[in-house]
Amino acid sequence: MSRHLRRVIAAVLIPFAAAVLIGLAVLWPGGAPGHERTGVGFDRETQRATVTEVAQVSCQSVNASGGVPTGDTSTAEGSSAQQQANGTCKKATIRVDTGDDKGRTFNEIVQPDQSRQLSEGQEVIVAYEPSAPEDLQYSVTDVNRRLPLALLAGIFALAVVAVGRLRGVMALVALSISFLVLNFFILPAILQGSNPLVVAVVGASAIMLIALYLCHGLSARTSVAVLGTLISLLLIGVLGSLFIGWAALTGDTDDNTGLIHGLYPEIDMSGLLLAGVIIGSLGVLDDVTVTQTSAVWELHEANPSTGWRGLYRAGIRIGRDHIASVVNTLVLAYAGAALPLLLLFSIAQSGVGTVANSEVVAEEIVRTLIGSIGLVASVPVTTALAALVVSADRPASRAPSGSRTEGHEQAPEVRPAAGRGGRGRRRKH
């Protein structure tokens, strides 16, 4: 790339990178604020434990205080009461493995209709409530899944490195840095009371700069992808702010968001929703902008005489195929995440309008559509930027014919061999 174009790109990106660094310094939280545990949901003390023994017992003997079954099993409540009265329950002995009460044991009764059944030797997560009676202070809340999750993460890392090699290693490093920015900057800064939108913009910009340059190198090609991603993120931020406010979306739609609002009432929940839209769109935007920039660069390498209009038309044809697949991916991803909720609406036989108008579904619709609009816009924007930049790098930056240019090497001149059909052997002189 010519020195002039490098200066133009640097004049845009260096101030932007400096603004991101200043934003990180000003908004850096220094850790999440502490609070007294409520014992509700995820906000409770937990320890690891192991099921040491499981015994079969009569449900009637351990559910003495339960309700009397009516015999009507047509409802979920009636069927559960019948099973708890006449079925066989499990009495699990559980040993606490971590914390101050390490080695302590307690009993847990597992009803026959519970979705999670315990087995001997199983590792579990238990919640601790110090204010409860001594025999009720511990209770099983979940299964310990650390081993399968760690194994799956290891398989993922091996697959990325095996296929991507050095690029795969750098992608894993960039992924790790993204998690660090999320855990040590974005989340604590929002909890400290900073504006979620500003925090998301600064954090997403830092992740974008680190991930793109780390994975794809410090080059004009990567810089164009950064510019395309930045413009698309700005569009997503503007549209998100407009439509989240217009649709009166509060961002407080379930128990978890309600708990956050109760613990930290100063957090702007609608701003938190917008921050999630921006961060969620960033990963797919990186994919689209890098692909479009690389496509234009390769088209230029294949035919250096093509002008920017020709490069743009060829690049946008590639981009249209990309748009169709990526938008479908986003919609299906959000639909898959909300599948249990959609099943509930289907069971209730609610109309499409009623389902879409509910805030919990409307949030996902707004999130999907705004992200998709940003993705669609990123294709022509990035393609146009790439075509303008690569076509502007013209004769002044290219060496005479037959010499080596910067980053490229002229192909040797190929002459057809003499003889019939071009396959004859040259005669020595």
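# Packing around helix α6

Biologist: Which residues in α7 do M208, L209, L212, Y213 and H216 in α6 meet?

Modeller: This is a predicted model, in which local features need pLDDT of at least 70 and side-chain atom pairs count only at pLDDT 80 or more, while totals for chains, interfaces and linings use all residues. Residues are numbered from 1 along each chain as its sequence is written, and side-chain values use heavy atoms, with hydrogens and water left out. Helices (H or I, at least four residues) and strands (E, at least two) are DSSP runs numbered from the N terminus, and contact means heavy atoms within 4.5 Å. In α7 the partners of those five α6 residues are T222, S223, A225, V226, T229, L230 and L233.

Biologist: How many residues of the contact of α6 with α7 are nonpolar?

Modeller: Ala, Val, Leu, Ile, Met, Phe, Trp, Tyr, Cys and Pro count as nonpolar, Asp, Glu, Lys and Arg as charged, and the others, Gly among them, as polar. Four of the contact residues are polar and none is charged. The nonpolar number is eight.

Biologist: Are α6 and α7 roughly parallel or antiparallel to each other?

Modeller: Axes are lines fitted to C-alpha atoms, for helices over the stretch in contact, and angles run from 0 to 180 degrees between N-to-C directions. Under 35 degrees counts as roughly parallel, over 145 as roughly antiparallel, 65 to 115 as roughly perpendicular and the rest as oblique. α6 and α7 (residues 220-246) pack at about 155 degrees, with axes 10 Å apart. The pair is therefore roughly antiparallel.

Biologist: How is α5 oriented relative to α6?

Modeller: The axes of α5 (residues 166-191) and α6 come within 9 Å and cross at roughly 165 degrees. That makes the orientation of α5 to α6 roughly antiparallel.

Biologist: How many residues of the contact of α5 with α6 are charged?

Modeller: α5 contributes residues including R167, M170 and F185, and α6 contributes residues including P196, G203 and H216. The contact divides into 18 nonpolar and three polar residues, and the charged number is one.

Biologist: Are α6 and α9 roughly parallel or antiparallel to each other?

Modeller: The axes of α6 (residues 196-216) and α9 (residues 269-302) come within 9 Å and cross at roughly 20 degrees. α6 and α9 are therefore roughly parallel.

Biologist: Is the crossing of α6 and α9 left-handed or right-handed?

Modeller: A crossing is left-handed if the near helix is turned anticlockwise from the far one by less than a right angle, and right-handed if clockwise. Among the residues that meet are A200, A204 and I207 in α6, with A275, I278 and D286 among those in α9. The crossing of α6 and α9 is right-handed.

Biologist: Which residue forms a disulfide with C59?

Modeller: A disulfide is a pair of cysteine sulfur atoms within 2.5 Å, and by this rule the count comes to one. With 115 degrees about the S-S bond, the link is right-handed. It joins distant parts of the chain, 30 residues apart, from helix α2 (residues 59-62) to strand β2 (residues 88-96). The sulfur atoms are 1.9 Å apart, and the partner of C59 is C89.
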